[in-house]
Amino acid sequence: MQNPSKKYDCIIIGSGLGGLTCGATLAKEGKKVLVLEQHNLIGGCATCFKRKGMLIDAGLHELDWGNKDTDMKHLIFKRLGLDKKIKLIPLPTAWSIRESKDKNKQITIPHKTTKEALISLFPDEKDGIEKYFKKLKFQARLNYKFPFDMGFLEFFFAPLHTLGFLTISAIRKRKVGDMLDKLIKNPKLKKILNINMVYYHNNPYKFNWNYHAIGQTNYYNQGMYIKGGSQKLSDSLAEIITENNGEVKINADVSQILLNENKTKAIGVIYKDKKSGETYTLYADKIVANCDPRIVYNQLLDKPILDKDSKLTKNFTTDTSLLSVYMVFDTNLSEKFPDMDYSTFFVDSKWFNGQFNQQTENLLNIPIEDRSFVFVNYSKIDHGLTQKDDRFFGVITTLSSYDEWDHLTEEEYKKKKADLKESFERKLESYYPNIMSYCIHSELATPKTIERYTRAIKGTIYGYDQDTEGFFGRGRFYSKNIKNLYFASAFGFPGGGFTGAILSGYRTARKMLDPYFYAKRLSLCVLFGTALGIGITEIVKLIGN
Ligand SMILES: Cc1cc2nc3c(=O)[nH]c(=O)nc-3n(C[C@H](O)[C@H](O)[C@H](O)COP(=O)(O)OP(=O)(O)OC[C@H]3O[C@@H](n4cnc5c(N)ncnc54)[C@H](O)[C@@H]3O)c2cc1C
């Protein structure tokens, strides 16, 4: 063991977006931060790996990018200086939908004018569409800022303009499927409004309305890609940490969170350098787990210690993950197939023209090979993933759960992978004849692959399934049993995806930086409210006299 005395303000376990954003926010405020990442790349799901002379983006199709009045990322990126480090590339449309081989029947969902485009396709549903978008925007606006980013008056009136509504919304526990049933009659339109559900969940009748509203509002405003891929975002966040006196170590596998003698407080970690094989013990005032919290409960701490914390989440499921076929082409697909959008959802005609109900929309009820899938054609944009002119990246993605890959022998697993890869490639070719003749490399990743690289149990990518809302539903940002132990990841609030993980990391850091924020603000509000009340009473009295 070495360096036993080295002391950090904060050690973060894992370099996923939640961990990096938390670290960057703390480092910017002068805290000495160390991020320990077990993999040899930083970023967790937000990484790129090399194949055939180009970078393959493991985890970014589309970054939802809302207006400033609905999307906190504007504020966070500016505060961290991230807006100066990364370049966002606007995508041409939100996405397209193909149910038929006839390309003239492609439905394209535009940014900004999404509502108008849908009304022109479904004029009989005009009222329902208008109500849906009104409710969607209203809900998204409620999440426009965390309380600690509000000015004093904004905070004082928050119960009236946001907090009250958010509380009601959390109590009502509305689900996307129920909201669509309430507002829209046409099942096909409901499917269109929910076409990208795999970006969040596996079942709209379980998926919470609040998170759908944030994501969809942003996606319909503007989808973005980050030039240089998700790795560029992760590297930029890491750079902010190192520029502010912090460190980010790869191949650093944390095996234990150290506690004080009474086992009530986290004081450090033990990690192994996977390259040198050496073990290190490091101490810090605070420890943040960006890794799956269940790794913390079950592996990094003595299990019985965290009974209270794990009780909260024991009924949560983690059935949502993805299957991806990463493909490298030697021909520019956008030139060969000019009608091909950036993102296209290919849907099974029978499903698309069928009913919308609990049975049909539970994607896990549909065999994987029959599920709709999305093809992302990166050649449509200036992605910055390759220096070579003759390399183009595409990815086929559909929902998959870990259980669909578990309990298979190695042979069965390999065969299932090969069969599914072939089946999806064949389907893609049926829409774009000969496309596979331009493909020089393809490989299929399953939830098991994701688990291997990120360690998230069952290869989950959005944390706990996003069933229940906000503060009631997801893991809290700190441990109730162990002092100085915090959480920042897709498992926390508000949820998964790039936006969810970034917001979660930022929120945890802000709360760590100012633990008495609410006590201070609420005291001020009481004083201000009392003074205001007395003032108004006096004025009324004066007028009365
Ligand atoms: C194929 C795919 C496509 C996606 N597409 C999109 C998209 O288009 N848009 C979008 O918004 N989101 C997308 N996502 C989801 C998004 O990438 C994730 O929700 C988000 O990045 C999760 O971040 P996180 O902070 O929770 O941590 P993770 O990314 O899960 O990272 C956790 C990190 O902790 C590390 N770790 C674990 N245990 C230890 C340990 N003991 N010691 C040290 N380190 C440890 C892991 O190695 C990992 O790096 C996609 C994900 C995938 C996989």
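1. K263 sits in the loop that links β11 (252–259) to β12 (266–273). Its phi is positive, about 60°, although K263 is not a glycine. K263 counts as partly exposed because it has 13 C-beta neighbours inside 10 Å. Note that this is a predicted model.

2. N245 also deserves a look. Its phi is near 75°, a positive value in a residue other than glycine. N245 belongs to the loop between α10 (229–243) and β10 (247–249). With 11 other C-beta atoms within 10 Å, N245 is exposed.

3. A cis peptide bond leads from F493 to P494, with omega near 10°. P494 is placed in the loop between β19 (485–487) and α19 (497–513).

4. Next, the sheet. An open sheet of 7 strands runs in the order β8-β7-β15-β16-β17-β14-β18, and its pairing is mixed. β8 (107–109) and β18 are the edge strands, each pairing on one side only. On average, neighbouring strands of this sheet are turned by 20° against each other, direction ignored.

5. Within the sheet, β16 and β17 run antiparallel and are joined by 4 bridges. N377 stands opposite G394 in β17. Helix α16 packs on the sheet, where it touches β7 (95–98), β14, β15 (343–346), β16, β17 and β18. The direction of α16 makes about 130° with that of β18.

6. The length of α16 (residues 410–431) checks out. At 1.5 Å a residue, its 22 residues should span 32 Å, and the end C-alpha atoms are 32 Å apart, so the two agree.

7. Which residues of α16 are buried? They are K417, L420, F424 and L428. These residues cover an arc of only 75° around the axis, which puts them on the same side of α16. Note that a lysine, K417, is listed among the buried residues. The buried residues pack against β14 (321–329), β16 (373–377), β17 (392–400) and β18 (439–445). The face turned away from the buried side carries exposed residues E411, E412, K414, K415, A418, R426 and S430.

8. L91 lies in a loop, between β6 (88–90) and β7. Is L91 buried or exposed? L91 counts as buried because it has 23 C-beta neighbours inside 10 Å. Leaving out residues up to four places away in sequence, L91 touches E62, G223, M224, Y225, Y342 and I381. Take Y225: L91 and Y225 are 134 residues apart in sequence, yet 6.8 Å apart in space, C-alpha to C-alpha.

Terms used:
Residues numbered from 1 in each chain as written. Predicted model: local features only at pLDDT ≥ 70, side-chain atom pairs only at ≥ 80, totals over all residues. Helix = DSSP H or I, 4+ residues; strand = E, 2+ residues; numbered from the N terminus. Expected span 1.5 Å × (residues − 1). Buried ≥ 20, exposed ≤ 12 C-beta atoms within 10 Å, placed from the backbone. Arc of directions from axis to C-beta. Contact = placed C-beta atoms within 7 Å. Pairing = 2+ DSSP bridges. Axes fitted to C-alpha atoms, helices over the stretch in contact; angles between N-to-C directions.
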